[in-house]
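Reader: I'd like a close look at one part of this model, with some context on the rest. Could you walk me through it once it's on screen?

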Amino acid sequence: MESTKDKASTDPPQSSTIPTIIKTEHGTTSLPTPPFSRSTSNTSSDVDEGGDKLQRPKLVQRKSSGTMIIPRDAPTNGPKVEYPPDDARAMSPRRSTEETELMVKTARLSLQNRVKEMQSGLAAIAAQVDSVRANCDSLEGNNLALQEAIGDMTRSLSRQGLNK
């Protein structure tokens, strides 16, 4: 069995700061703890019941800081900033409600006119497609009539050639 003198010589002395590691839901944090020293003699204050480990400090529980998301309908309490007249931010173009309404109306009219032009162009293309389709149908009818006529002539010529 080892004596306490041999055991003390095998353990390295610990007189430095040992960090305490705290695990939270956001990750781990390392906090320094006050330095302690381990003596070679075992005293009742250093020994935990049945072992020679020192007691660790209790982990501190923190409350959640909560969410930082601000709802869209929350009132804004930001300060209203007034700029001096010679500041470039004050000289930027500001439009009144009437000006913006006029811009919206002109843009809407322009868009409506463009839509009408495109619709009339589409109607012209549809009419042209219909006329081409009708022309194609009449040509197919004429083609069938010609094929029947050619078939009749071929049969009559073949009958005349067999009768000779």
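Is D152 buried, partly exposed or exposed?

Author: D152 is partly exposed, because its relative accessible area is 47%, which lies between the 20% and 50% cut-offs. Keep in mind that this is a predicted model.

Now for the partner. D152 forms a salt bridge with R155, and the closest N and O atoms are 2.5 Å apart. R155 counts as partly exposed too, at 45% relative accessibility. As for how the two line up, D152 and R155 are separated by about one helical turn because they sit 3 residues apart in helix α2.

Searching the whole structure turns up 3 salt bridges. Another one joins the side chains of E117 and R114, at 3.8 Å from N to O. Both E117 and R114 belong to helix α2, which covers residues 97-163, and they are 3 residues apart, or about one turn of the helix. R114 comes out as partly exposed, with a relative accessibility of 47%.

Then there's D130 with R133, whose side chains meet in a salt bridge at 4.0 Å, N to O. That distance still counts, because the cut-off is within 4 Å. D130, at 46% relative accessibility, is partly exposed.

How far can you trust this part? Confidence in the protein is highest in α2, at a mean of 93, and lowest in helix α1 (residues 4-10), at 48. The average pLDDT for the protein is 76, and 65% of the residues score at least 70. Over residues 1-9 the pLDDT stays under 50, and the model has 3 contacts for them beyond four places in sequence. Residues 41-48 also have a pLDDT below 50, with 9 contacts in the model beyond near neighbours in sequence.

Starting at the N terminus, the elements go α-β-β-α. Of the 164 residues in the protein, buried ones make up 2%. If you take contacts between residues at least 6 apart in sequence, 18% of them join residues at least 24 apart. The accessible surface of the protein is about 15800 Å², and carbon and sulfur atoms account for 57% of that.

So, back to your residue: D152 is partly exposed at 47%, and its salt-bridge partner is R155, about one helical turn away in helix α2.

Definitions and conventions
Residues numbered from 1 in each chain as written. Predicted model: local features only at pLDDT ≥ 70, side-chain atom pairs only at ≥ 80, totals over all residues. Heavy atoms only, no water. Helix = DSSP H or I, 4+ residues; strand = E, 2+ residues; numbered from the N terminus. Buried < 20%, exposed > 50% of the residue type's maximum accessible area, 1.4 Å probe, protein only. pLDDT = per-residue confidence, 0-100. Contact = heavy atoms within 4.5 Å. Areas by Shrake-Rupley, 256 points an atom, 1.4 Å probe, with all protein chains shown as cover.
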